[in-house]
Amino acid sequence: RDVFSYSQLFDGSKMVMKELRFEYDHEFDDESRLESHRRDAVAMGRLTNSKHIPNIYASCANAQIVDVSPDGDLEQHVLIEGDHYKNYTSVQKLAIAVQVAEAIADVHDAGISHTDIAPKQFLLLDGRYQLSDFNRCRFLKEDDNGN
């Protein structure tokens with residue numbers, strides 16, 4: 001998948017389109033890549049009401065339109081260079097830990113196991129770290145639509 005583009009909407013918000021690219025090393029009939037892309041879209045759709053998950057606005061077989069994070073991810077915010085970490089107060093660390101835990105709790109409450117939790121998966125959106133990238137997730141139960 002690649003982040004293809006983003007656009008600014010009439011209200012000033014920005015979105016990004018993630019798509020499977022045809023010119024890379026996979027064919028469109030590569031079912032494992034399509035399935036991981038589908039899982040990402042279905043999981044984000046299930047979690048659309050969570051303030052701990054980026055919004056998904058549209059998806060199809062090879063593309064998704066989701067919130068963009070101009071402020072980066074947790075990994076970028078914690079590391080300065082290499083293995084050197086930024087100095088956060090205990091209160092700041094606790095606030096970040098709570099956001100991470102709440103995101104994971106929402107995912108599990110929706111019957112989903114993320115399976116790829118890492119700092120780079122938490123995007124800073126609207127002043128809150130939100131869990132993204134569900135292409136490796138596993139569904140622990142079906143939703144009302146059989147997904």
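This is a predicted model: local features need pLDDT of at least 70, side-chain atom pairs count only at pLDDT 80 or more; totals for chains, interfaces and linings use all residues.

Biologist: How do E8 and E9 run, and how many bridges join them?

Modeller: They run antiparallel, with four bridges joining E8 to E9. Leucine 124, for instance, stands opposite tyrosine 129 in E9.

Biologist: Back to aspartate 126: buried or exposed?

Modeller: Aspartate 126 counts as exposed because its relative accessibility is 78%, and the cut-off for exposed is over 50%. As for the phi, aspartate 126 has that positive value although it is not a glycine.

Biologist: Which other non-glycine has a positive phi?

Modeller: Threonine 115, with a phi of about 70°. You'll find threonine 115 in the loop between strand E7 (112-113) and E8. Threonine 115 is partly exposed, at 47% relative accessible area.

Biologist: OK, side chains on E8. Which ones point which way?

Modeller: Phe122 and Leu124 point one way from E8, while Leu123 and Leu125 point the other way. All four are buried. In a regular strand the side chains alternate between the two faces of the sheet.

Biologist: Now the core. How many residues are in the largest nonpolar one?

Modeller: The largest nonpolar core has 22 residues. Those with the most contacts inside it are Leu47, Val107, Ile112, Phe122, Leu131 and Phe134. Helix H1 (31-46), helix H3 (90-109), strand E8 (122-125) and strand E9 (128-131) each supply at least two residues of this core.

Biologist: Where does the largest share come from?

Modeller: From H3, which gives four residues to this core. In soluble globular proteins, nonpolar side chains tend to be buried together.

Biologist: You mentioned Ile112. What does isoleucine 112 touch, leaving out residues up to four places away in sequence?

Modeller: With those left out, isoleucine 112 touches Ala43, Arg46, Leu47, Val107, Phe134, Cys137, Arg138, Phe139 and Leu140.

Biologist: Changing topic: where does valine 66 lie?

Modeller: Valine 66 lies in strand E4 (residues 63-67). Valine 66 is buried because its relative accessible area is 5%, and buried means under 20%.

Technical notes: Residues are numbered from 1 along each chain as its sequence is written. Side-chain values use heavy atoms; hydrogens and water are left out. Buried means under 20% relative accessible area, exposed over 50%, partly exposed in between (1.4 Å probe, protein chains only). A nonpolar core is a set of buried Ala, Val, Leu, Ile, Met, Phe, Trp, Tyr and Cys residues joined through side-chain atoms within 4.5 Å. Contact means heavy atoms within 4.5 Å. Two strands pair if DSSP finds at least two bridges between them.
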